[in-house]
Amino acid sequence: MRRILTTLLFTGIALSGQAMAQDCSVEIEVNDTISFPIDELTIDTSCESYSVTLRHTGVMPAQSMGHNWVVTQTSDHMAVGTDAIAAGLDNNYVPPGDERVLVSTNVIGGGEETSVSFDPSILEPGGDYTFFCSFLGHFGAMKGTLIVN
Ligand code: ZN
């Protein structure tokens with residue numbers, strides 16, 4: 001009987017640890033369309049680190065259907081998306097040194113995967129943030145609301 005109780009206790013700890021880890025990371029799958037599968041993502045600033053994995057399940061190369069994941073204040077996202085076009089693929093469609101860009105991944109093409117980890121405390125709870133793809137004008141359709149708790 002004691003052994004069973006011990007086993008249950010350890011299982012409980014393992015499960016709660018796993019649940020916490022899942023809350024501090026997300027996987028986002030994109031493909032050959034100009035869209036994200038989610039239009040909203042909630043990030044908790046109690047996470048020490050938050051990680052986003054972007055997976056491109058399409059077949060088109062980064063040159064023609066590249067995607068990334070970029071976070072800015074909502075008021076900056078259209079201007080950054082426009083400036084990103086000039087930055088081009090060499091800069092992962094992020095203007096170099098641009099302080100409006102709070103988080104960004106590399107641009108990937110079909111069959112590729114990338115990820116970024118960041119300290120969520122750089123974001124203000126209740127702030128107005130947008131995540132989007134800054135590849136060649138995708139920001140018009142490929143975006144969502146980042147909710148920070
Ligand atoms: Zn894109």
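**Close-up 1. Geometry of the zinc site in the predicted model.** The zinc ion has an irregular site, with angles of 83 to 126 degrees among its 4 donor atoms. Four donors count as tetrahedral if all angles lie between 85 and 135 degrees; four count as square planar and six as octahedral if opposite donors are over 155 degrees apart and all others between 65 and 115; anything else is irregular. This is a predicted model, in which local features need pLDDT of at least 70, side-chain atom pairs count only at pLDDT 80 or more, and totals for chains, interfaces and linings use all residues. Residues are numbered from 1 along each chain as its sequence is written, and side-chain values use heavy atoms, with hydrogens and water left out.

**Close-up 2. Donors of the zinc ion.** His67 (ND1), Cys133 (SG), His138 (ND1) and Met142 (SD) coordinate the zinc ion at 2.0 to 2.7 Å. Donors are N, O and S atoms within 2.8 Å of the metal (3.2 Å for Na, K and Ca); water is not among the atoms, so sites may look incomplete. Along the chain, the donor spacing reads H-x65-C-x4-H-x3-M. Cys133 is buried, at 0% relative accessible area (buried means under 20%, exposed over 50%, partly exposed in between; 1.4 Å probe, protein chains only). Met142 is buried at 0%. His138 is buried at 5%.

**Close-up 3. The disulfide of Cys24 and Cys47.** The structure holds 1 disulfide, a pair of cysteine sulfur atoms within 2.5 Å. The sulfur atoms of Cys24 and Cys47 lie 2.0 Å apart. Their link is left-handed, with -85 degrees about the S-S bond. Both Cys24 and Cys47 are buried.
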